[in-house]
Amino acid sequence: MYTKLAILFWAVVLALFALCGRITYLNVKKGNEYSIKVLAQQSFTSTTIPYKRGDIKDRNGNVLATSVMVYNLIVDSKIIMSNEEKYLEPTASALAKYFDLDKEDLKTTIREKKNNSYWIVLKNLEYSQIEDFQDYQNYEFADTDHDREMVDNTKGVWFEKKYKRMYPYNSLACTVLGFANSDNSATVGIESSYGDFLKGTDGREYGYMGSDNNMEVVVKDAINGDNVVSSIDMNIQRIVQKAIKKYMKKYNPKMIAVVIADPNTGEILAMANDTTFDLNQPYDLSGRYSESEIEKMSQKKQSEILNGIWNNYCITDSFEPGSTAKPFTVAAALEEGKIKKNDKFFCDGYEQVDVFKIKCHSYDRGGHGTLDVKGAIAESCNDYLMHIGKLLGKEEFVKYQAIFGFGTKTGIDLPGETRGLVYDKDMGMSTLATNSFGQNFTVNMIQMVAGFSSLINGGYYYEPRVVKQIVKPNGEVAKNYSKTLVKQTVTRDTSNFIKQTLRAVVTDGTGSTAAIDGYTVGGKTGTAEKVDTSGKGKGRLKNQYILSFLGCVPCENPQVVCYTVMDTPKENPQATAFNTDLWTYIMKQVLPYMGIEKTAKLENKAIKQKLETEFYSDGIIEGDDGKLILKEDEEE
């Protein structure tokens, strides 16, 4: 018996030690968590203190997205109906007076919800809308004993604080910013990709009765979210969006998209396409469909439409780049020593590749004749580019597509980026030929901007970004996203030559309508036949083209890149000049705003072609002294 008692004694002692150890462990590791649970069980009130979601600002500090405090009007019917005769009439009268509600309807609903302690009567009220009622509750208007009695008997009414996301400029940069829902979730834009920084942590206020029966209040403060400073310039973004709207009306294309970037950092200054939406009402379809049409739509159909509206074309959609890809092919061949800068080639208007006769756009006039490399880019000669592609070979061509970032994501800090489709080294010769001048592979706009920037900045490929900094609510910089150098694509010598070819495009070639007086503009035009992506096997779509211009200023030392894309203008689907017209309209506003100095005069050939295109179809000639003369009446 003594042995059994000793065993039992030590078993109890060990159990107590184990229990003490477990209590100590829980107190250290999870004491705070269990304290909250205990407080919640003891509390007579438990109120959430909402955090403020961080602001999103443009590069100059302008607030593009913020959160403002709003209030939900809450009625506790249970308290009111605990003494209906005393509380119902004063409470309903006060609510009807200060919130323009129907008193009898209030009474009826309070009776129906007599066991409900949480009834949201009104949502998202601003402080100005609740201020008078709060003054009433604080006896500000109680001049008589009757008034004070009415206030005393107004029971079961309180205001729940919350934050509402607000976008001061409505649709400005909508696809870049994205939007946050009422629960702070987001799937689009910066709101999504930087959601972990923008979110904070809710606080809590507990009221409970202590052991001495006195009221105790415990407050755990909310932790607000961090602010995000974007690379977007609000004023450049506004210029771009207004220009898109103007040119959608002017030429009636299927789509327009624009990206403007700093080629020396990878920062995106503006990004937009023609489809916009109000960030404050992102789910509203009333401006696009009638009420009856919306009612007939299934939830799935509405979701499909909304996702299409929220889509950021500049990063999520792929297309064939057309001739804007030609500088990349030339740069690759120069890097590998397959061509020299002054190599000549005779363009007869086509190239026979296997069983295919692949034409240059000069085919109908018998070809371009003899061209050097600069002339091939300036005149956008497909024949010469096919020749260069053949010299480069399939393996090297594919290698440089990867070097320039085609077929892979750029890493831009936005959700939904596509990779595009490129061939591997086993491509056929005909595919190599068409790839060399920008057909039969696809890219997105950001890939083109990032790769092009490396061609003109000395060969440095920077990761494109839409965010510059993460800043704490107290102003402390938590994270600084400086330019991220990913790789070097070409040598400085090749980069300098490519800039010369891009300049020739504007001074002597297909991009003359992109010339802007006083600025050395360089760039490349593109006209790509569209491909049927419906899966119906239609191949090339008849009379449908992606028109583009990818340009930089000043060409000798680029400070800004602008890429404009226009899908099939209704009047003339192949009118590249329509797209360069958009490009110059935007840049004529952006360049002075950015403080970029004029460094050159507009060349005669460029202004001649521009005038002939826009005003004088009868032609302009150049006199012996270099001045331009109208052919019709020989007036200067």
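Predicted model: local features only at pLDDT ≥ 70, side-chain atom pairs only at ≥ 80, totals over all residues.
Student: How many helices and strands does the protein have?
Tutor: There are 22 helices and 23 strands, taken as DSSP runs (H or I of at least four residues for helices, E of at least two for strands) and numbered from the N terminus.

Student: And what share of the residues is buried?
Tutor: Of the 636 residues, 49% are buried, where buried means under 20% relative accessible area, exposed means over 50% and partly exposed lies in between, with a 1.4 Å probe and protein chains only. The protein exposes about 31,600 Å², with carbon and sulfur atoms supplying 48% of it; these areas come from the Shrake-Rupley method with a 1.4 Å probe, and for residues only the protein chains shown count as cover.

Student: What about contacts between residues 24 or more positions apart?
Tutor: Such pairs account for 70% of the contacts with a separation of 6 or more, a contact being heavy atoms within 4.5 Å.

Student: Switching to cavities, how many are there of 30 Å³ or more?
Tutor: The count comes to 3. On a 1 Å grid over the protein atoms alone, a cavity is a set of points where a 1.4 Å probe fits but cannot get out, and lining residues have an atom within 4 Å of a point. Grid points are joined across faces, edges and corners, and a volume is the space filled by probe spheres set on the points.

Student: What volume does the largest cavity have, and which residues line it?
Tutor: Its volume is about 80 Å³, and the lining includes Phe 328, Phe 397, Tyr 400, Gln 401, Asn 435 and Phe 441. Helix 14 (326-335) and helix 17 (394-403) are the elements that give two or more residues to this lining. By class, the lining of the largest cavity has 8 nonpolar, 3 polar and no charged residues, with Ala, Val, Leu, Ile, Met, Phe, Trp, Tyr, Cys and Pro counted as nonpolar, Asp, Glu, Lys and Arg as charged, and the others, Gly among them, as polar.

Student: And the second largest cavity, which element gives the most to its lining?
Tutor: That is helix 19, with 3 residues, and both helix 19 (445-456) and strand 15 (460-462) supply at least two. The second largest cavity has a volume of about 70 Å³, and its lining divides into 8 nonpolar, 2 polar and 1 charged residues.

Student: OK, salt bridges: how many in the whole structure?
Tutor: A search finds 19, each a side-chain nitrogen of Lys or Arg within 4 Å of a carboxyl oxygen of Asp or Glu.

Student: Which residue does Arg 53 pair with?
Tutor: Arg 53 forms a salt bridge with Glu 191, the closest N and O atoms being 2.9 Å apart. Arg 53 lies in the loop between strand 1 (43-49) and strand 2 (56-57) and Glu 191 in helix 8 (residues 189-193), so the pair ties together parts that are 138 residues apart in sequence. Both Arg 53 and Glu 191 are buried.

Student: And is Asp 55 buried or exposed?
Tutor: Asp 55 is buried, with a relative accessible area of 11%, whereas Lys 52, its partner in a salt bridge at 3.1 Å, is partly exposed at 22%.

Student: What does Ser 67 touch?
Tutor: Not counting residues up to four places away in sequence, Ser 67 touches Lys 52, Arg 53, Asp 55, Tyr 163, Lys 164 and Arg 165. Ser 67 lies in strand 3 (residues 63-75) and is buried, with a relative accessible area of 6%.

Definitions and conventions
Residues numbered from 1 in each chain as written. Heavy atoms only, no water. 1 Å grid on protein atoms, 1.4 Å probe; cavity = no way out; pocket = protein on both sides within 12 Å on 5 of 7 lines; lining within 4 Å.
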